[in-house]
Amino acid sequence: MQLGMVGLGRMGSNLTRRLMRHGHEVVVYDVNEGAVRQLESEGAIGATALEDFVSKLSLPRAAWIMVPAALAGSTTTALAELMEPGDMIIDGGNSYYRDDIDRAAALATRGIHFVDIGTSGGVFGLERGFCLMIGGEQEVVRHLDPILKALAPGADAAARTTGRSESSNSTAEAGYLHCGPHGAGHFVKMVHNGIEYGIMAAYAEGLAILRKANAGNEARESDAETTPLRDPQFYRYDLNTTEIAEVWRRGSVVSSWLLDLTAAALLKDPDLAGFSGRVSDSGEGRWTVQAAVDEGVPAHVLTAALFERFSSRGEADFADRILSAMRSEFGGHQEKPGSG
C-alpha cells in the first residue's frame, strides 16, 4: 500500500522506515531537504514541495502528517487545498482532540476524510513498533488497516492478558485500536501522556528520596531558618540509585519500560550532570487536566506532575519570592542563600 508522510523528524522518519521494511511505498516531504534526501537514499520517494508530494500519491490519496501540534492546522489546510474528495489526511502527531473534531468537520464539506492517530513509541518505535490510538470513520480506518498493522508492534509484543479470548475481534492485542469517532484517538493519547507525566514524576521523586537517604550524615545549620533533622541516625544510607533502578527492573511490581530507560540514563551518568532539570510539557498533560476538570474527575497525581514541570522551568519563582517577602515582613525572617 502507498502512504505519504509529511514531517520527517525522528518520529516521521522512523514511521517511514518501518513501513518500507514491511513492503509499503512511502512518498515523503519535509521543509528540510536533507531529511528528504536521506529517506530517498533508503528507498522512499522524495518530493520537493507539497504540490509535488500530492502529485506522486495514488488515488485515493492517504497522507500522514507528523508535525508539532502548533503546525498541524496550517499543514492540514495547505494539504487539503491540493487534495480531492475521497482522499485521506491522517494527523499522527500530538494535536488537541478538539482541533481534530473541527478539522474533520471542515474537511468533510470537501469530501476529504480525516483520521487522528495518537502515536506512541518514541525513537524506539522503529524496532519495537508503535502503539496507535485511532479516531475517525470506521470504513476509512478499515481501509488503512495494512498501514496500521505494519506500524504496530504486533501481538507478540506482550503476553496475552489472562482470561482474554484468542478469538477477540479487537486489534488491541496487535498494538493498534480504533477508539472511536473523530478526536477519540488523540483523546486517548492525551490521557496516555498525562499518565506518563505521573509515572515519570513518581520515579523521579522516589529516586530523589533514595539519593538523599544519607541526610543524617550531612552537617546542618542550627538556626531559626533551618528545620532540624530530628532523628539523623535513621538517615545514614549511601544508596546507589543506579543499582537500585537496575534491581527494580527484575521482578519488581514497579518495573516498566520507563524504568528501563531510567536505569540506562543513570548508568551513563549517575549524577545526571548533563541535565539541568528543566522539564518541558508539550500540551497533552494540560489538556488531560482540563478534561478532568470538565468531567469532574479528581486527578491529583497527574495535576501535581504537570505543575512540577512548570516549577522546573522557574514558573514558581515569583510565587516563591512572594513567600520569602511575606516571611520577611511578618517575622523578620532573612532569606538564606539558595543551594543552586
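I looked up Phe-318 and found it exposed, at a relative accessible area of 55%. For this entry and later ones, I call a residue buried under 20% relative accessible area, exposed over 50%, and partly exposed in between, with a 1.4 Å probe and protein chains only. The model is predicted, so I note that local features need pLDDT of at least 70 and side-chain atom pairs pLDDT 80 or more, while totals for chains, interfaces and linings use all residues. Residues are numbered from 1 along each chain as its sequence is written, and side-chain values use heavy atoms, with hydrogens and water left out.

I placed Phe-318 in helix α14, residues 317-331. Helices here are DSSP runs of H or I with at least four residues, strands are runs of E with at least two, and both are numbered from the N terminus. Phe-318, Ile-322, Leu-323, Met-326 and Phe-330 make a nonpolar surface patch of about 550 Å². A patch takes residues with over 30% relative accessible area and no salt bridge; like charges are joined within 9 Å, and nonpolar side chains (Val, Leu, Ile, Met, Phe, Trp, Tyr) within 5 Å. The accessible areas come from the Shrake-Rupley method with a 1.4 Å probe, and for residues only the protein chains shown count as cover.

**The sheet**

I traced an open sheet of eight strands in the order β3-β2-β1-β4-β5-β6-β7-β8, and its pairing is mixed. The edge strands are β3 (45-46) and β8 (176-180), each of which pairs on one side only. Two strands pair if DSSP finds at least two bridges between them.

I then looked at strand β5, residues 88-91, and found both of its faces covered. Met-88 and Ile-90 on one side and Ile-89 and Asp-91 on the other are all buried.

On one side, β5 runs parallel to strand β4 (residues 62-65), and four bridges join them. Ala-62 stands opposite Met-88 in this pair. Right-handed means that, with the strands pointing away from the viewer, the path from the first strand over the helix to the second runs clockwise.

Strand β6 (residues 113-120) is also parallel to β5 and is joined to it by four bridges. Here Ile-89 stands opposite Phe-114. β5, helix α5 (residues 97-108) and β6 make a right-handed β-α-β unit.

Next I followed β6 to strand β7 (residues 131-135): they run antiparallel, with five bridges. Ser-120 stands opposite Cys-131 in β7.

**Cysteines**

I searched for disulfides, taken as pairs of cysteine sulfur atoms within 2.5 Å, and the count is zero. Cys-131 is in no disulfide, and its nearest cysteine sulfur, that of Cys-179, is 8.5 Å away. Cys-131 is partly exposed at 33%, and Cys-179 is partly exposed at 30%.

**Backbone entries**

I noted a cis peptide bond between Leu-59 and Pro-60, with omega about -15°. Pro-60 lies in the loop between α3 (50-55) and β4. Leu-272 has a positive phi of about 50° although it is not a glycine. I found Leu-272 in the loop between α11 (257-268) and α12 (284-295). Most residues other than glycine have a negative phi, and most peptide bonds are trans.

**Salt bridges**

I searched the whole structure and got 24 salt bridges. The rule is a side-chain nitrogen of Lys or Arg within 4 Å of a carboxyl oxygen of Asp or Glu.

Arg-110 forms one with Glu-81, with the closest N and O atoms 3.3 Å apart. Arg-110 lies in the loop between α5 and β6 and Glu-81 in the loop between α4 and β5, 29 residues apart. Arg-110 is partly exposed at 34%, whereas Glu-81 is exposed at 52%.

Arg-103 forms another with Asp-99, at 3.9 Å between the closest N and O atoms. Both lie in helix α5, four residues apart, about one turn of the helix. Arg-103 is buried at 16%, and Asp-99 is partly exposed at 31%.

The last pair I checked is Glu-225 and Arg-327, at 2.9 Å from N to O. Glu-225 is in the loop between α9 (184-211) and α10 (241-248) and Arg-327 is in helix α14, so the pair ties together parts 102 residues apart in sequence. I also noted one network, in which salt bridges with shared partners join Glu-246, Arg-249, Arg-250 and Asp-260.
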